Amino acid sequence: MLMGKYQNSIDAKSRMIIPAKFREELKGNAVLTMGMDKCLYIYPMKEWEAFIGKLKALPQSDEIARAFVRNFFANAVECDIDKQGRLTVPAEHRAYAGIQKELVTVGNLDKIEIWAREEWENKDNMAALSPAQMAQKMVEYGI
């Protein structure tokens, strides 16, 4: 399971260092794709394969399902992680996420989210819940 939050940056060659806590789970390669909320997703290969299984189960007759699948696959790239734990982030992905230099890397269950630090800190992008709202959502979600 991927969890935790780390501050890092991207270098002049568009490489980011994967936090050491996440490297073992990635096992040297991963899939990078554009996520939701202006962040990037990094999936360990086994989690990407599980995600593919869910996408394959979506009805091909549903145009929204097709667009959803197309979005993830069109923007997905397989990435190797070098011996220093770095992964290269393509320019198109950096532009989508607004990444200039400073990053926030967040473990989110089965994937890693990569945020431009400014986006992460932008309160408008975070659905901050009060303790009462959190409790209500937990009941709604059956947690």
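In which loop is the place of Asp37? I found Asp37 in the loop between β3 and β4, where strands (E, at least two residues) and helices (H or I, at least four) are DSSP runs numbered from the N terminus. I note that this is a predicted model, in which local features need pLDDT of at least 70 and side-chain atom pairs count only at pLDDT 80 or more, while totals for chains, interfaces and linings use all residues. Residues are numbered from 1 along each chain as its sequence is written, and side-chain values use heavy atoms, with hydrogens and water left out.

Asp37 is not a glycine, yet I read a positive phi of about 65 degrees for it; its relative accessible area of 56% makes it exposed (over 50%; buried is under 20% and partly exposed in between, with a 1.4 Å probe and protein chains only). Lys38, in the loop between β3 and β4 as well, has a positive phi near 60 degrees and is partly exposed at 37%.

I then turned to the strands, which pair if DSSP finds at least two bridges between them. Strand β1 (residues 2-9) runs antiparallel to β7 (residues 102-109) over 8 bridges, with Gln7 opposite Val104. A hairpin through 1 residue leads from β7 to β8, and these two pair antiparallel over 6 bridges.
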